[in-house]
Amino acid sequence: MSTTLPATKTWQAVQAELEAEIDRIWLDEPLEIQKIRLGVIDTGAGSGGQSFSIMVHLEAFLMIFGANVFYRFVRLAKDQDDLTLDQLRVMTRAFLHKPFNVFEFMGDLALHDLHRLGNDYLAALDDLKTKDDYIALTGSMMTYVIRLHRWIHFHFPWNLGVAFPHRTVEELSAFAAAAKTGA
């Protein structure tokens with residue numbers, strides 16, 4: 001089974017599209033984020049007809065993939081001289097495409113542009129000639145994902161956290177004792 005997607009664009013074309021999207025959404029909330037924020041989930045994701053779980057998944061996954069996974073890819077490419085471009089390609093696909101396609105999952109969570117651009121990114125990996133190309137393309141992908149995460153993070157309903165206060169062991173012990181005696 002192939003682990004690559006067919007390339008239809010040069011890596012430079014994919015990077016240019018990513019950079020244009022970054023510029024477009026830098027200050028203006030993407031329509032897809034607005035729809036998610038308002039509960040318009042065209043994929044039907046979200047059990048029980050709710051959209052809160054979409055926000056939870058996007059908050060977690062976008063944070064992990066942008067500021068963690070893509071950042072590490074860029075750092076490894078810059079810092080590890082013995083790591084080859086082919087090894088970077090294999091590693092990147094292992095984390096993002098097979099056996100779990102992160103971009104398809106993002107599409108299921110109603111981020112269709114990220115799904116499309118992510119697949120273009122994966123396909124463009126075969127067009128790269130140098131590690132500097134990899135750093136440039138992956139750096140743009142990282143910035144795009146981080147920017148999407150900032151929009152989700154900004155709109156996440158953090159106010160719901162008051163329903164889940166910290167408890168102490170003493171409070172829970174007192175509750176357990178009261179529950180046993182019925183007092």
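Helices (H or I, at least four residues) and strands (E, at least two) are DSSP runs, numbered from the N terminus. Ala110 lies in the loop between α5 and α6. Ala110 is not a glycine, yet its phi is positive, about 85 degrees.

This is a predicted model, in which local features need pLDDT of at least 70, side-chain atom pairs count only at pLDDT 80 or more, and totals for chains, interfaces and linings use all residues. Residues are numbered from 1 along each chain as its sequence is written, and side-chain values use heavy atoms, with hydrogens and water left out.

**Helix α3**

Helix α3 covers residues 52-79. The expected span of a helix is 1.5 Å times one less than its number of residues.

**Helix packing**

Two packed helices are described by the angle between their axes and the distance between the axes. Axes are lines fitted to C-alpha atoms, for helices over the stretch in contact, and angles run from 0 to 180 degrees between N-to-C directions.

| Pair | Angle | Axis distance |
|---|---|---|
| α3 and α4 | about 170 degrees | 11 Å |
| α3 and α7 | roughly 155 degrees | within 8 Å |
| α6 and α7 | about 165 degrees | 11 Å |

Angles over 145 degrees count as roughly antiparallel. α3 and α4 are therefore roughly antiparallel to each other. From α3, Phe65, Val69, Phe70, Phe73, Leu76 and Ala77 meet Leu88, Met91, Thr92, Phe95 and Leu96 of α4. Contact means heavy atoms within 4.5 Å. By class, this contact of α3 with α4 has ten nonpolar, one polar and no charged residues. Ala, Val, Leu, Ile, Met, Phe, Trp, Tyr, Cys and Pro count as nonpolar, Asp, Glu, Lys and Arg as charged, and the others, Gly among them, as polar.

The α3 and α7 axes cross at roughly 155 degrees. That makes α3 roughly antiparallel to α7. The contact of α3 with α7 has 19 nonpolar, six polar and three charged residues.

Helix α6 (residues 112-124) packs against helix α7 (residues 131-155) at about 165 degrees. That makes α6 roughly antiparallel to α7. The α6 side of the contact includes Asp113, Leu117 and Tyr121, and the α7 side includes Tyr134, Met141 and Leu148. Ten nonpolar, two polar and one charged residues make up the contact of α6 with α7.

**Loops and a helix end**

A cis peptide bond joins Lys98 and Pro99, with omega about 5 degrees. Pro99 sits in the loop between α4 (85-96) and α5 (102-108). Helix α8 (residues 169-181) has 13 residues and reaches 18 Å from its first C-alpha to its last, close to the 18 Å expected. Gly182 follows α8 and has a positive phi, near 80 degrees.

Conventions
Parallel < 35°, antiparallel > 145°, perpendicular 65-115°, else oblique.
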